[in-house]
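Dear colleague,

I am passing on the structure below and would be glad if you could look through it alongside my notes.

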Amino acid sequence: MTESPASLLLVLAVLLPFTGVIFGLLIGGRHVRTVALTTVALGLAVIGGIVWHALGTCSGSGTAIEYVLGGWSPPLGIRLRADGLSVLMLLAVAVVISLVSVYAHADFAPHDSGKETRAPLVFWLMLLAIWGSLNLVFVSGDLFTLYVALELLTFAGVPLVALDGRGETLRAALRYLLFALLGSLLYLLGAVLLYGAYGTLDIQLLSQVVRPEALSWAALALMTVGLLAKTALFPLHIWLPPAHAGAPAAASALLSALVVKGSWFLVLRLWFDVMPNVVTLSAAQLLAALGAAAIIVGNIVALRQLRLKLLIAYSTVAQIGYLFLMFPLAFGLAFAGMDSAPALTGGMLQTISHALAKAAMFLAAGLIYLTLGHDRISDLRGVAQALPMTVTALALAGASLIGLPPSGGFLAKWLLLSAALESGQWWWGAVMLLGGLLTSVYVFIIVVRSLAPAEAGWMPKTRVPQYQQMAVLALALSAFLLGLAALSPVDLVQLGRTPLSLLRGTP
Amino acid sequence: MSLLLNLWTILAVSLGVFFFLAGTLGLLRFPDVFTRLHALTKADNLGLGLVVLGLLPQMNSIHAMLKLLLIWLLVLFSGAIVSQMLAQAARSGEIDS
Amino acid sequence: MTPSLALNLALALLLLGMAGWAVLVRSTQAAVIGFMVFGLLLTLAWARLDGLDVALTEAAIGGGLTGFLLLGAAVRLRSVEHRATLQAPGLATRILAALAAGSVTLLLAFAVLTLPSPAPSLAPAVAENIAMTQVGNPVTAVLLAFRALDTLLETLVLVLAMLGIWSLADDRVWGGRPGFAIAHDASGILHYAARILVPIGVVIGGYIFWIGADDPGGKFQGATLLAAMWLLLVLAGLRDAPRVSSQALRLWVVLGPLVFISVGLLGSWLAGSFLGYPQGYAKLMIVTVELALLPSLTLILGLLIMGAPKREIGR
Amino acid sequence: MNTATLFGLCASMLIGLGLYGLLTHPHPLRKILALNVIGSGIFLLFGAIAFRGAAAGMNADPVPQALLITGIVVAFSASALAVALLLRLFEVTGDVSLANEDPAAHKDTSKDRPHD
């Protein structure tokens with residue numbers, strides 16, 4: 001257990017963005033963007049400090065970073081805890097948040113008159129709120145605090161969905177909210193049952209006392225179903241495409257790349273860290289079966305879309321499916337007494353590369369919309385002429401979604417594929433390959449269409465600033481080059497984690 | 001002494017409950033808003049008043065007794081206001097009587 | 001059957017009856033009124049379960065404010081009521097829904113019956129540490145010392161919900177006042193009621209807030225009562241709803257969270273831990289946080305009910 | 001049967017009732033109401049669990065009770081946000097239907113015929 005002054009950084013990672021929300025609301029007017037960007041800069045420094053500290057302990061003691069709030073240690077109090085998974089997610093989210101902020105600089109600029117306007121205020125404050133809530137999801141060590149974190153995330157996401165104010169986006173936002181509320185209630189119900197059975201909500205303590213009995217099984221089932229509704233795993237995905245496609249580009253990027261990952265991360269925590277000895281292989285297979293269905297259905301429906309933003313939203317439905325394939329792979333390896341780490345690393349890489357690539361794609365779609373005045377896939381002529389960097393970014397992000405080397409998607413799928421073969425579950429590998437094939441079809445269509453020359457005399461509707469294109473390219477490049485993480489000397493993923501086989505080992 | 005006080009409590013509370021029952025019966029059986037309001041306010045005012053009076057000797061401090069009386073007064077007050085407003089709304093046709 | 005069990009049983013049956021009414025009855029308004037009665041009965045159930053703090057919160061927020069909110073919406077949506085119920089699902093959906101709901105109930109009932117005995121409890125841990133917090137009400141000690149982070153985050157939830165509601169305004173009226181309507185009050189009776197009731201309500205709200213340190217009560221329950229008094233003033237036309245661009249309003253809204261975070265940071269400096277309290281200063285710091293939270297919570301709870309800005313500045 | 005078990009079972013049924021309402025009611029306001037019934041059920045269950053945890057001279061475990069207060073406030077803010085969204089949807093579109101805009105549904109509602 002390391003409780004050094006650096007651990008206070010965990011508190012700051014959560015509260016700094018929210019302090020930004022408070023000051024942004026208080027100062028308001030035309031200064032909201034300045035407050036937000038300052039907070040993002042400070043937040044990056046905090047996350048940088050955490051990563052630095054984690055790398056230090058990685059080569060040293062190898063324990064997770066912990067912070068006990070108010071000096072009241074669990075089970076009475078609450079502790080924050082960042083293991084390898086948390087640190088990686090903190091880093092990935094910080095990168096996406098800051099590049100999206102760069103992109104949104106112009107889109108949500110203060111009004112010329114200096115008067116406060118609705119959309120910039122809401123966008124910047126909710127961007128910070130999403131960041132703070134996600135950081136809380138990653139570092140919280142308490143199931144009830146995580147419930148509050150989930151609600152914070154929902155309340156930050158809904159206004160972004162409805163930012164446009166049109167009827168259909170309001171409808172999408174209301175549907176999203178109802179799904180999300182049911183999801184968090186089911187999660188809370190599970191947490192209540194666990195408290196009734198074991199008298200604690202602390203993740204570390206629970207993992208030591210939880211027994212494979214009916215009560216914990218019921219709690220795990222309720223919590224998982226609730227979280228799946230929030231993550232939009234097939235067949236609970238129907239709220240996602242209209243909600244993500246109807247928002248402004250920068251908001252869509254936040255929702256699709258980041259917000260759904262919060263509840264997914266919590267499923268991961270529950271299955272791998274809280275109750276690994278309750279999980280059965282058949283339950284994990286069921287989860288992956290839903291994931292496989294999401295991959296097939298999401299990709300096929302994406303292929304049939306006429307509009308770019310909806311296509312990208314359906315592609316999110318499919319990519320979420322991949323995130324659940326790791327469950328039977330990791331547990332399969334652990335059951336066989338083998339090292340489950342590659343499957344976990346593959347799943348994490350998949351999440352992070354999807355976050356980067358999907359943010360890049362939604363932002364690129366936003367620039368294309370600005371340039372053409374529409375986003376019909378059938379008519380993307382001239383895009384490559386007007387936005388060479390953006391089309392490159394689309395291609396690179398697409399390559400990561402498909403899984404071409406050396407992208408993050410490639411490394412992720414490689415690790416998952418070898419885990420599938422090693423644990424004798426080749427069928428999940430086949431699903432991954434089929435999904436990659438379908439993805440490559442629509443990525444190919446988009447890129448080829450946008451390479452087509454424009455009619456003579458065609459002028460872009462709006463001139464897009466260079467820095468917006470560069471932000472998009474930076475996101476896509478990080479997704480594309482993430483595969484080089486394989487060369488990294490330290491294995492950050494396993495920081496402060498007990499191997500799954502050890503947790504499950506004793507009956 | 002305490003026997004007498006207990007008897008008083010039993011008597012007053014039972015009587016209060018009777019008024020509540022009668023008021024509820026009226027609420028369910030009377031034909032329109034005005035007569036139903038009449039039944040309801042009787043239950044509130046008299047029923048609750050009797051229950052409060054009955055419980056007074058059971059309190060162990062003046063402080064608690066005053067709180068009980070305050071509750072009664074507040075219910076009386078809000079009951080009077082609300083029934084006025086309901087009756088007005090019914091007369092102007094805002095709600096179906 | 002003991003009288004106590006009979007009372008509990010009757011209460012449970014009434015709860016189920018009212019919840020069934022609220023879920024199944026045709027008219028939305030009738031359903032909402034059923035839900036409000038349900039909320040009041042739930043308050044009694046809390047009292048039976050020795051949760052007086054929760055009972056007060058449930059009465060004030062669960063039954064009171066939520067009921068008011070839903071009833072207002074039901075009245076506003078009366079014109080589409082018929083159309084909205086036209087899309088009622090078919091028998092197959094109903095049977096599936098009943099099966100799903102029934103299996104969840106059975107699962108939970110099974111879980112309730114298999115809860116371990118003796119029950120695990122943190123009450124001994126609270127009893128052991130409560131002296132250090134210098135407050136007498138254990139629930140307050142949990143809310144503001146042992147699990148103060150949750151309470152801090154909860155105020156942030158309220159701020160976000162308020163912002164989310166504001167974000168639904170039309171761009172043209174941004175910064176204006178919520179469209180919370182002044183009630184139709186021909187004879188001035190509401191006006192009269194507000195003048196008499198508000199001072200009494202404010203005193204009671206303050207009292208509930210103040211005793212919260214040692215007895216059931218506290219900032220949430222007190223703030224809800226104060227918010228209700230504020231809503232009454234606005235309804236009766238004695239005060240107008242505030243402009244959401246008002247600097248003063250925003251200052252009061254963020255005061256609570258801001259002081260909370262500052263006290264937390266002070267703790268990390270003086271007591272060596274964020275949201276920790278140095279020996280002997282716990283009560284002072286807790287009361288400071290609560291005092292700062294009271295106006296913020298009152299305003300936010302009221303604003304959540306008042307809804308999105310509807311009227312331009314100056315109108 | 002003791003108090004905690006009785007109210008625990010009552011809570012299980014409340015959650016089921018709310019779930020049924022949420023799944024079957026087309027009107028969003030009724031869905032919000034049903035969510036509140038589910039929420040109340042969960043809170044009551046937690047209250048029953050707190051009551052079982054009476055120890056150390058306390059009549060109930062204060063930790064769940066404190067969490068319940070947080071939960072009730074969070075549930076209220078969720079309802080307020082949902083109701084505000086619903087009212088805004090009604091204002092903008094004149095309708096409260098959650099179904100996707102497809103032409104068939106439009107035709108059906110425009111006739112507005114009683115359905116019995």
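**The contact of chains A and D**

Across this contact, 23 residues of chain A touch 25 residues of chain D, two residues being in contact if their C-beta atoms, placed from the backbone, lie within 7 Å. On the chain A side, the elements that give two or more residues are helix 5 (143–161) and helix 6 (167–198), helices being DSSP runs of H or I with at least four residues, numbered from the N terminus. Helix 6 of chain A provides the largest share, 17 residues.

The model is predicted, so that local features need pLDDT of at least 70 and side-chain atom pairs count only at pLDDT 80 or more, while totals for chains, interfaces and linings use all residues. Residues are numbered from 1 along each chain as its sequence is written, and chains are lettered from A and ligands numbered from 1 in the order in which they are written.

**Helices of chains C and D**

The axes of helix 3 (residues 52–76) of chain C and helix 2 (residues 28–52) of chain D come within 11 Å and cross at roughly 175 degrees, the axes being lines fitted to C-alpha atoms over the stretch in contact, with angles running from 0 to 180 degrees between N-to-C directions. These two helices are therefore roughly antiparallel to each other, a term for angles over 145 degrees. Among the residues that meet there are C:Gly62 and C:Leu70 of helix 3 of chain C, and D:Ile32 and D:Asn36 of helix 2 of chain D.

**Helix 18 of chain A**

Helix 18 (residues 426–451) of chain A has 26 residues and reaches 37 Å from its first C-alpha to its last.

Best regards

Note on methods. Expected span 1.5 Å × (residues − 1). Parallel < 35°, antiparallel > 145°, perpendicular 65-115°, else oblique.
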